[in-house]
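This briefing is for a reader new to the structure. Please look at the sequence and the model first, then read the points below.

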Amino acid sequence: MKEKQRDFLKLCLADALLKLMEEQDFSEISVNAICKTADIGRTTFYRYFGGRNSKEEVLIFKITYEWEIYRQKHEDEVKRDQGYAMSCYVYENRKVFSLIYRHHLTGVLLDAFARLTTQGEMVGREQSYLQSFFVCGYFGIMYQWIRYGFDETPEQVQRHIAETFASAVSRAQDAHSASGERTSK
């Protein structure tokens with residue numbers, strides 16, 4: 001019960017912040033304004049988001065919490081292709097992602113995508129490089145999609161991803177073959 005109440009309060013704060021972001025610059029929005037809009041006390045805000053980047057953490061919470069809800073509702077799709085399911089989630093929540101982009105909060109988007117794609121998995125040092133490579137690559141694609149105003153469907157974006165990976169693999173194989181030919185001469 002306490003966890004549901006905590007999440008409800010955090011979502012109220014997140015929704016209040018997003019509402020304020022529709023009309024004000026992010027840097028001008030105070031914790032007091034968020035609390036007043038949400039009708040929640042400052043003590044509660046700081047209990048849950050007391051860090052230096054508290055407003056950013058509010059947004060990241062909203063994105064990751066809503067992803068968990070989406071993931072549970074679309075469990076089969078996520079198992080089949082998590083990347084595509086995540087693209088569908090982003091598309092369904094494009095108003096939030098566009099608003100965050102409009103306020104130039106690239107770090108919030110990157111951090112949220114990192115949390116979504118890794119889901120808190122602890123990996124070793126070598127694995128972490130590969131994981132970071134894919135997280136940043138996926139973020140780059142999603143960022144461009146947001147930047148272009150979601151002018152394509154999730155299916156079209158997934159096709160771009162597949163084509164990009166196929167092209168990269170082909171180029172790597174060509175480069176490997178060319179270096180092998182130079183070595184044997």
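The crossing of α1 and α4 is left-handed; a crossing is called left-handed if the near helix is turned anticlockwise from the far one by less than a right angle, and right-handed if clockwise. This is a predicted model, in which local features need pLDDT of at least 70 and side-chain atom pairs count only at pLDDT 80 or more, while totals for chains, interfaces and linings use all residues. Residues are numbered from 1 along each chain as its sequence is written, and side-chain values use heavy atoms, with hydrogens and water left out.

**The α1 and α4 pair**

- Helix α1 covers residues 2-21, and helix α4 covers residues 54-73.
- Helices (H or I, at least four residues) and strands (E, at least two) are DSSP runs, numbered from the N terminus.
- The axes of α1 and α4 come within 9 Å and cross at roughly 115°; axes are lines fitted to C-alpha atoms, for helices over the stretch in contact, and angles run from 0 to 180 degrees between N-to-C directions.
- The two helices, α1 and α4, are therefore roughly perpendicular to each other (angles under 35 degrees count as roughly parallel, over 145 as roughly antiparallel, 65 to 115 as roughly perpendicular and the rest as oblique).
- On the α1 side, the residues that meet α4 include D7, K10, L11, A14, D15 and M21.
- On the α4 side, K55, V58, F61, K62 and E66 are among the residues that meet α1.
- Contact here means heavy atoms within 4.5 Å.

**Salt bridges**

- A salt bridge is a side-chain nitrogen of Lys or Arg within 4 Å of a carboxyl oxygen of Asp or Glu, and by this rule the count comes to 8 salt bridges.
- K62 forms a salt bridge with D15, with the closest N and O atoms 2.8 Å apart.
- This pair links distant parts of the chain, since K62 is in helix α4 and D15 is in helix α1, 47 residues apart.
- K62 also forms a salt bridge with E66, where the closest N and O atoms are 3.3 Å apart.
- Both K62 and E66 lie in helix α4, 4 residues apart, which is about one turn of the helix.
- D15, K62 and E66 are linked in a network of salt bridges.
- Buried means under 20% relative accessible area, exposed over 50%, and partly exposed in between (1.4 Å probe, protein chains only).
- Another salt bridge joins the side chains of D7 and R6 (3.0 Å, N to O).
- D7 counts as buried at 10% relative accessibility, while R6 is partly exposed with a relative accessible area of 30%.

**K10**

- K10 lies in helix α1.
- K10 is buried yet has no salt bridge, and the nearest side chain of opposite charge, D7, is 5.0 Å away.
- For charge, Lys and Arg count as positive and Asp and Glu as negative; His and the chain ends are not counted.
- Leaving aside residues up to four places away in sequence, K10 touches Y48, F49 and F61.

**The whole chain**

- The protein chain has 10 helices and 0 strands.
- Its C-alpha atoms fill a box of roughly 75 × 35 × 35 Å, taken along the principal axes.
- Of the 185 residues of the protein chain, 34% count as buried.
- Among contacts between residues at least 6 apart in sequence, 62% join residues at least 24 apart.
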